[in-house]
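Subject: Structure for your review

Dear colleague,

Please find the structure below. I would be grateful if you read the notes that follow it with the model open beside you.

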Amino acid sequence: MNKLLKKFNLTADKTDLKSLCISFALINFVFLYNTLNFLWGNHDVKFVKDGLELSSGLFEGRFTQFIPHVLLTNGEILPILNNFLGFFFLTIGLWILAKYWDIKKTCLNYVLFITFFATIPYTLSWLYFTFITLSCLLWVFFAILGLQLSAYIANSHHKTILTFISALFFYLPLGGYPPVINTIAVCLMAKICFTYLFENKRLSAIIKTYQYTVYAVLIAAFATKLTLKIIEPDNVYNLEMMPFAEIPQKLISIIKISVIQFGLSQPFMEIGYKIIMLIMVLTAITGAILKANTITKRLTTLALLILTVLAAATTTFLVIPHTEYVSRIDFYGIAFVYSFTLALLLKFKLPLARSLALIFMMILIPFNLINDYRAQKIWQQGQTAEFQILDNLMERIESHPNFDTNQKYHFRQLGDISMRPRYYKQNFAYNEPFLLALPYLAMWQGARLVEFFSPYEYIDQITPLSPSDITPELHQFMMTTARPWPDKDSIYVKNNVIIVIFSQNELDEFRKMIEKLN
Amino acid sequence: MIVGNPITSGLIEGRFSQYLLPNLLIDGQIFPLINIILGFAFYALAMALLYTRFFDFKPSFAGTLSLCAVSILPYIIEILYFQFIILSQLFWPLTITLALLAAKKSLTDHPLIFIPLSSLILFFTIGGYPAAINLYLTAALLFLLQNASEKITFKKLVPLALPFITSVIVSFIALYAVHQGLQANHKMMALYNNQPLSLKDLILKIPFMYKAVVLSLLQPQPYLSLTLKLIMTTIILLCFIADMTNRKDSLDRLFHIILWLILPFCLKFSAWLINENPDEYFAQHDPATFMLRADFYAVPVFLMYCLSALNQKNYHLLKNLSFILAFALLGLNLNADFNYSKVQKLGFTAETLLQQRINNRITETAPFDFNNNYIVVQAGELPLRPHYYIAKPLENYGYYTMQIPSTRYWLPNEFYAFYEPENFVITEHAILPENITPEMRNFLATNLKTWPAKSSLYIDNSYIILFLTPKGRQMITKQFKNLRSSK
């Protein structure tokens, strides 16, 4: 085993172990408040209570998504362990990346590199839904492990076997969360950049070496597509694909996004923070161009750098619509671009570059810490506020004179109440659902949420409210009496129907709908 | 939680030393974090001392893995259920270890000092929690098993076992004397957990004990899945087989078989002694042989011995197997313990929210007045932890770990006013016949509704009666009808 690990440069000496332990501790400290408070998002309600099954992700084509949970936690979403395991695999994955990119091995270099990436607020977006925290952090590990193994194929006697093993490591994350393709693309492009710049190899030789990685990725992508054909998932938004004919038209958008993403402020990543990150990116890129000693080399380096940056923004966006500026996709893309630029600074032999890397990290890691803790505080405040509303709602329903615990009700919640934005007062250019906008009490999860803390199971989870439930009395109530929460007429309980009204807009929509039915 | 644990709190059930340590260290208070951290520190020290000093196992990575795996066996979760005894319950393994080390030391040095010392520490420990004796007896027997590896005669065995046997006898005599004294002074009540069986009953219970031990190693319980139990049983069986194959002659083998046959009584010694008939309020309704709190003292150390003994054998296969089993045990235990934390937190939150809703209803219902003192009668209980637990096939028991709510119907004075600005509840929780008014009679006799129906609540100037569950309502109505018919 040790021999095998050594062959692929995966053995850990004292420096590696020390940096792994320090990084893991630091990452866990940064997200400790979330870990201890066991905050869970609006997709988690059922899974927190009933657990996950291997087949839970099939309907949306994510056929490997819950393998890690079933194997590691028996399909349960467990407090503390969920985050710990996720961060454990993320730490190991980033350590392999440091080796893949051949960053000079010192404890400080590795700790800075791992901690910086893992604490960028994009990681937060994977903590909002606890049911995918573990798997989506684990995919980084698999994708980078695949890259590391595939880098050795060119010099191996077992090219075919190794290509298929690498493809398997790409196939697992692609089957769980396809945008992980961004990580593979950015990290591979970055590796080509590093090899070209620091190993003075010809581009054709580099392509010869890394062609096997591309083959492995293509095999994995093909296998993923084939699997999707076989399992026939439902027609859900995240399986929507761009027609190939439209892809060329999208190229302009891609270039635009690639540039804008560096200056776009989002919740917990304000403009000042983004500017410092951009300065780091520009410094590293300037350094890389200056390091190339001929015009041709400079131009090639510039092209490779542009391709690396484009890889972050485009790989998913090119084929799946509406995926720009989504923080959890950016976690697999632009976050790796930032890490790439840090790695560049750490790789230059010039002492100034290393000093700059240290200065940037002295600014950015504390910035990450503050942003992450601010987010965790706001999430917790938001969740507490929304769950207090839920508790008041439960009390109102249970004390309603028509309420009967033995009845099974058809339930409908009209509108959401999202409280996290109430506690966040910073400015941002682009709102982000997972980091801030999404409510815990989501409209489509109301039926499960309303009885989550109740002693009784009174909601019919199979049959939702249907037109046949709309009696003249209910029609009259909805059209004339109903008002949004917290009005006393924001709840309707009668016969086998419970309706909760949280927003005037949704009430108006509902009114239009029942009018149409008439 | 509010007033802390006075040093004499345990006297009522004969546990005179139970609150000495909490009073000494943290003024008898129940503190968040500190209670558990201190408790775990003592427990970890005890396990490490047992491993390195008492059994003299060589420290190794595999050994550390085994030690970690057995230390977090889900038996510990029942200890964590009661905040008020966490610190002392986790301290007893350390005192037992010290008693064991003193007895071991007496084999080579100053027996007249170390045997009384061992007896004294043991007396102090079983005075706090008698079931802790299981650890002493199990470890002592395993020590004999370990040291009887060479051909051993009865003559050699007696001096080896004597310090341990003497300590147990002396400490039990002393405990008996203390219990007699406490009972004579009306300080101690006869409860389910301090009523030993007669000698005749103990003998009659022997076949039952063997059956119970085998069953308890196989019967899935909440958080102790069948997989976990099978792994534990495999470890024990492997250790037994390895021990038997190491024996050179039949006499030697016979002697070891006898020790293995005594082992079940050491593991479940407290269950063997105890009267199984539960009293009404305090009893835990699981059979004593399935009581996780008692098993916490013996099973982990037994498994630690088995894993470490296998690991110290010269066979690579056994070493590898013990490593894999320890690793699997660690993973399963982590899952079970974190699952317990999740279920406990969600269940406790749901029960607290329910209590808040009940209190809101009470305070909004006329003629409730905060200036009055009420007898609160809660008919029934609503344990909500099972709502958040995915039960595995064949699971049974789990009284404290799963079945009961955090708020008990017989302690309304402790939780109905816990978060209220004024205490409006008095200690009594029964309806006195002379206090029954016509309105109350009408409510008790005719009301069929239970919570959350509006009519499930009755309030007058001195009583608050809540029909929380249909079962609770039936019990109260039945008691009321019995009362009427007896009149």
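How much accessible surface does chain B have, and what percentage of it belongs to carbon and sulfur atoms? The accessible surface of chain B comes to about 22,200 Å², and 67% of that belongs to carbon and sulfur atoms. Accessible areas come from the Shrake-Rupley method with a 1.4 Å probe, and for residues only the protein chains shown count as cover.

This is a predicted model, in which local features need pLDDT of at least 70 and side-chain atom pairs count only at pLDDT 80 or more, while totals for chains, interfaces and linings use all residues. Residues are numbered from 1 along each chain as its sequence is written, chains are lettered from A and ligands numbered from 1 in the order in which they are written, and side-chain values use heavy atoms, with hydrogens and water left out.

**Chain B as a whole**

Chain B contains 19 helices and 3 strands; these are DSSP runs numbered from the N terminus, helices being H or I with at least four residues and strands E with at least two. Its radius of gyration is 25 Å, close to the 23 Å that the globule rule gives for 487 residues, so chain B is as compact as a globular protein of that length. The radius is taken over C-alpha atoms, and the rule is 2.2 Å times the number of residues to the power 0.38. Along its principal axes, the C-alpha trace of chain B spans about 80 × 50 × 45 Å. Of the 487 residues, 54% count as buried (under 20% relative accessible area; exposed is over 50%, and partly exposed lies in between, with a 1.4 Å probe and protein chains only).

**Helix H6 of chain B**

Among the buried residues of H6(B) are B:Phe114, B:Ile115 and B:Leu122. Their cover includes helices H5 (86–105), H7 (133–147) and H8 (154–184) of chain B.

A:Thr300 lies in helix H15 (residues 295–314) and is buried, at 18% relative accessible area. Leaving aside residues up to four places away in sequence, A:Thr300 touches A:Tyr196 and A:Leu203 (contact means heavy atoms within 4.5 Å).

A:Phe348 sits in the loop between helices H17 (334–347) and H18 (351–398) of chain A, and counts as buried at 11% relative accessibility. A:Phe348 and A:Gly287 are 61 residues apart in sequence and 8.2 Å apart in space, C-alpha to C-alpha.
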